[in-house]
Amino acid sequence: GRLDKSVYEYSRPCYPEVIYIQGALYLERYRAAVGDEPFWAGMRQFYDMYRFGIGGTRRFLDTLDAASGYDSELHARRFPSLYR
């Protein structure tokens, strides 16, 4: 399912499952697809860029993609509002 809805669009019991569990599983599958080194390089870069601010989901995924060479349009299924 989608991981990009507003917090108010998820039911109360559904929110932790979708955001915390499904979000973590999405990142784990992403890391497995691109490899540990590029994944963690992107994570470090995002942290360095936004550690005292707010980066947002699209910037986070774009930073990971830039470090790994992943096709960011493949995120569109899970984050359709970010990839219109």
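Trainee: Where is Leu61 found?

Mentor: Leu61 is found in helix H3; helices here are DSSP runs of H or I with at least four residues, numbered from the N terminus. This is a predicted model, where local features need pLDDT of at least 70, side-chain atom pairs count only at pLDDT 80 or more, and totals for chains, interfaces and linings use all residues. Residues are numbered from 1 along each chain as its sequence is written, and side-chain values use heavy atoms, leaving out hydrogens and water.

Trainee: Why is Leu61 called buried?

Mentor: Buried means under 20% relative accessible area, with exposed over 50% and partly exposed in between (1.4 Å probe, protein chains only). Leu61 has 2%, so Leu61 counts as buried.

Trainee: Which residues does Leu61 touch, not counting residues up to four places away in sequence?

Mentor: They are Tyr26, His75, Phe79 and Tyr83; contact means heavy atoms within 4.5 Å.

Trainee: What makes up the largest nonpolar core?

Mentor: A nonpolar core is a set of buried Ala, Val, Leu, Ile, Met, Phe, Trp, Tyr and Cys residues joined through side-chain atoms within 4.5 Å. The largest one has 11 residues in all, including Tyr26, Leu61, Phe79 and Tyr83. Helices H1 (14-34), H2 (36-50) and H3 (57-68) each supply at least two residues of this core.
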